[in-house]
Amino acid sequence: MTADVVATLNRYLALCDVPASAEGELGALGELFTEDAVWEGGGSAYGEKFGRTEGRAAIVAMLADYLPPNPHFRTNVHLLFPGTVDVNGTTAQGSWQMQQLSRYGSGGTEVMVARLDVTFRLDADRPRISAFRTERIFSAPLPEER
């Protein structure tokens, strides 16, 4: 079951990559969350920036603001580091560090590391995200394109 949990989180991050993501994939993104899921930013930087979003539809709408056709990112890739997963009955709790490399539509660049704390509901067909919390640990600009 642990591998399925990690696969669900990796699928989520891949669907949030740009240009890999596409408008048609918002439905696939939504299927990774429970109907009553919560997505929130933690800590001073992300708590204020992202706040708290409740419900599958609201989470997908919030994420769509960052994905094509919205020009927020020119390119964006997420790299997931090994983490821990604890399975307890019909839920699993995982914690990971994630690196994100971004070139923004505005021209800026950034490398960022965040801590992800994610709770999954272990449905019969797949693990689904029921709570997602991201907290920025580090960020810095990337070198300009040449």
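Predicted model: local features only at pLDDT ≥ 70, side-chain atom pairs only at ≥ 80, totals over all residues.

User: Which elements make up the protein chain, and in what order do they run?

Analyst: The protein chain has four helices and seven strands. From the N terminus on, the order is α-α-β-α-β-α-β-β-β-β-β.

User: How do you know whether the radius of gyration of the protein chain agrees with that of a compact globule?

Analyst: For 146 residues, a compact globule would have a radius of gyration near 15 Å; the protein chain has 15 Å, so the two agree. Along the principal axes, the C-alpha atoms fill a box of roughly 50 × 30 × 25 Å.

User: How much of the protein chain is buried, and what is its accessible surface?

Analyst: Buried residues are 39% of the 146 residues. The accessible surface comes to about 7600 Å², and carbon and sulfur atoms hold 51% of that surface.

User: What share of the contacts joins residues 24 or more positions apart?

Analyst: Of the contacts with a separation of 6 or more, 55% are between residues 24 or more positions apart.

User: How far apart are the mean positions of the positive and negative charges?

Analyst: The protein chain has 13 positive and 19 negative charges, and their mean positions are 4 Å apart.

User: How do you know that the span of helix H1 is close to the expected one?

Analyst: Helix H1 covers residues 2–15, which is 14 residues. From first C-alpha to last, H1 reaches 20 Å, and 20 Å is what is expected at 1.5 Å a residue.

User: Which residues of H1 are buried?

Analyst: In H1, the buried residues are Val5, Thr8, Leu9, Tyr12, Leu13 and Leu15.

User: Why is Leu15 called buried?

Analyst: Buried means a relative accessible area under 20%. Leu15 has 2%, so Leu15 is buried. Leu15 is found in helix H1. The C-alpha atoms of Leu15 and Leu29, 14 residues apart along the chain, are separated by 6.6 Å.

User: Is Thr134 buried or exposed, and why?

Analyst: Thr134 is buried because its relative accessible area is 4%, and the cut-off for buried is under 20%. Thr134 lies in strand S7, residues 127–140.

User: What does Thr134 touch?

Analyst: Not counting residues up to four places away in sequence, Thr134 touches a list that includes Trp39, Glu40, Gly41 and Gly42. Tyr46, Phe50, Ala114, Arg115 and Leu116 are also touched by Thr134.

User: Why does Ser130 get the label it has?

Analyst: Ser130 has a relative accessible area of 15%, so Ser130 is buried; the label applies under 20%. Ser130 is found in strand S7. Contacts of Ser130, leaving aside neighbours within four places in sequence, are Thr34, Asp36, Ala37, Val38, Thr119, Phe120 and Arg121.

User: Why is Arg103 called partly exposed?

Analyst: Partly exposed lies between the buried cut-off, under 20%, and the exposed one, over 50%. Arg103 has 21%, so Arg103 is partly exposed. Arg103 lies in strand S5, residues 91–104. Arg103 and Val18 are 85 residues apart in sequence and 9.6 Å apart in space, C-alpha to C-alpha.

User: What kind of peptide bond joins Val18 and Pro19, and where is Pro19 found?

Analyst: Val18 and Pro19 are joined by a cis peptide bond, with omega about 15 degrees. Pro19 is in the loop between H1 and helix H2, 26–30.

User: Which peptide bond joins Pro68 and Pro69?

Analyst: A cis peptide bond joins Pro68 and Pro69, and omega is about 15 degrees. Pro69 lies in the loop between helix H4, 56–64, and strand S3, 73–80.

Definitions and conventions. Residues numbered from 1 in each chain as written. Heavy atoms only, no water. Helix = DSSP H or I, 4+ residues; strand = E, 2+ residues; numbered from the N terminus. Rg over C-alpha atoms; globule rule 2.2 N^0.38 Å. Buried < 20%, exposed > 50% of the residue type's maximum accessible area, 1.4 Å probe, protein only. Contact = heavy atoms within 4.5 Å. Areas by Shrake-Rupley, 256 points an atom, 1.4 Å probe, with all protein chains shown as cover. Lys, Arg positive; Asp, Glu negative; His and termini not counted. Charge placed at Lys NZ, Arg CZ, Asp CG, Glu CD. Expected span 1.5 Å × (residues − 1).
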